[in-house]
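Colleague: I have just opened this one and have not looked at it before. Could you walk me through it?

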Amino acid sequence: MDRLFPNKFNMGLESFMKKSMALNESMYQYGPPFGFRQFLKELDDILELITDDDLPMGPSPKKCKRCIVIGSGGILHGLQLGHIIDEHDVVIRLNNAPVHGFEQDAGSKTTIRMTYPEGAPVSEQEYGSNSLFVTVLFKHVDFLWLQAVLKNETLSTWNRLFFWKSVTEKLPLKPHQIRILNPLIVKETAMDILQFLPPRQKWWGWDKNVPTIGAIAMVMATHLCDEVSIAGFGYDMSQPDTPLHYFDNMCMNAMNRQPMHDVSKERKLLKSLVREGVVKDLSGGLHCEFCASHQTHGVPTAA
């Protein structure tokens, strides 16, 4: 990443917020999800409740960590990559993408579940006793939700009105399993790597300058691990009737209705990262040359 984005990619950037960090508005000058402007007090209160702030260390930590980010793309269906996914040291899953019932294609191991409040899984089966829950905070009520979860309290009916869909009120997790994503990872993904314009004040809605959770997780993985792979990535907007996800019947054209993400620009970025060898695409949805080489080594590719 440093080679492709000199002076833009900060290898030393912490992935998770820590109580020991120097919190100042100049560093977090933008509002969520790009920064914590005006919310440093709320952040500080939450960090007092979180009892750990890094990746859990295994009994014999490796010198070389291998990460994989599992996208929710329909391309995963039928590839039977589950056993290959589970061989990675760190398996990062996104939002409410399910594991149970899809182990053969999506694997069973979860190290990190990364989401915003509305995307948190409802089923307790999707929360592992040894996995981390990493929250991406987008708005003021997200801070209130996370604080309520950590205190085992109920969020007020008034505050729940500010979510765009209903959110789960309780997580079957301990405080040491919860992390807050450093918003500078989002800023780096959006402004430095994807080269989106900085956020501007709007009365309503968003510019298409907010990266998807998948793109953010991929950049976070490059900070956490020495080798990064992805699977389940590669929205193909030229095939509007193909499955969007590996776990439901939603079609690709649903992405045309979302107001926040520039998926075409993200696809172009991901294809270049695969082509340059920065990440490996195990499901073959981004770079056909790599897809073909995988086929010769016995790894199934997409139809």
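Colleague: Let's begin inside: how many residues has the largest nonpolar core, and which have the most contacts inside it?

Modeller: A word on the source first: this is a predicted model, in which local features need pLDDT of at least 70 and side-chain atom pairs count only at pLDDT 80 or more, while totals for chains, interfaces and linings use all residues. Residues are numbered from 1 along each chain as its sequence is written, and side-chain values use heavy atoms, with hydrogens and water left out. The largest nonpolar core has 78 residues, and those with the most contacts inside it are Ile92, Ile112, Met114 and Ile180. A nonpolar core here is a set of buried Ala, Val, Leu, Ile, Met, Phe, Trp, Tyr and Cys residues joined through side-chain atoms within 4.5 Å. Buried means under 20% relative accessible area, exposed means over 50%, and partly exposed is in between, with a 1.4 Å probe and protein chains only.

Colleague: Which helix gives the largest share of this core?

Modeller: That is helix 7, residues 213–224, which supplies eight residues of the core. Helices (H or I, at least four residues) and strands (E, at least two) are DSSP runs, numbered from the N terminus. Apart from this core lies another, of 13 residues, including Ile68, Ile70, Leu79 and Leu81.

Colleague: And what is Ile180 in contact with?

Modeller: Leaving aside neighbours within four places in sequence, Ile180 is in contact, meaning heavy atoms within 4.5 Å, with a list of residues that includes Phe16, Met17, Phe36, Thr135 and Leu137. Also among them are Leu43, Ile46 and Leu47, and these three are buried residues of helix 1.

Colleague: What else is buried in helix 1, and where do those residues point?

Modeller: Leu40 is buried there too. Seen down the axis of helix 1, the buried residues fall within an arc of 120°, so they line one face of the helix; the arc is that of the directions from the helix axis to the C-beta atoms. They pack against helix 4 and strand 5.

Colleague: What about helix 4, then: what covers its buried residues?

Modeller: The cover includes helix 1 (40–47), strand 4 (132–135), helix 5 (157–160) and strand 5 (178–180). The buried residues of helix 4 are Val141, Asp142, Phe143, Trp145, Leu146, Ala148, Val149 and Leu150; Leu146 is also one of the contacts of Ile180.

Colleague: How far apart are the ends of helix 4?

Modeller: The end C-alpha atoms of helix 4 (residues 140–151) are 17 Å apart, which agrees with the 16 Å that its 12 residues should span at 1.5 Å a residue. The expected span is 1.5 Å times one less than the number of residues. Just after helix 4, Asn152 takes a positive phi of about 60°.

Colleague: Switching topic: how many disulfides are there?

Modeller: The count comes to one disulfide, taking a disulfide as a pair of cysteine sulfur atoms within 2.5 Å. This one joins Cys67 to Cys225, with 2.1 Å from S to S, and the link is right-handed, with 55° about the S-S bond. The pair links distant parts of the chain, 158 residues apart, since Cys67 is in strand 1 (residues 66–70) and Cys225 is in the loop between helix 7 and strand 6 (227–231).

Colleague: Are Cys67 and Cys225 buried or exposed?

Modeller: Both Cys67 and Cys225 are buried. Cys64, by contrast, is in no disulfide, and the nearest cysteine sulfur, that of Cys225, is 8.4 Å away; Cys64 is partly exposed, with a relative accessible area of 34%.

Colleague: Where in the backbone is there a cis peptide bond?

Modeller: The peptide bond from Pro32 to Pro33 is cis, with omega near 5°, and Pro33 lies in the segment before helix 1.

Colleague: Which residues have a positive phi although they are not glycines?

Modeller: Asn95 has a positive phi of about 50°, and its place is in the loop between strand 2 (90–94) and helix 3 (103–106), where Asn95 is buried with a relative accessible area of 17%. Gln195 has a positive phi of about 60° and is in the loop between helix 6 (183–193) and helix 7; Gln195 is partly exposed, with a relative accessible area of 48%.
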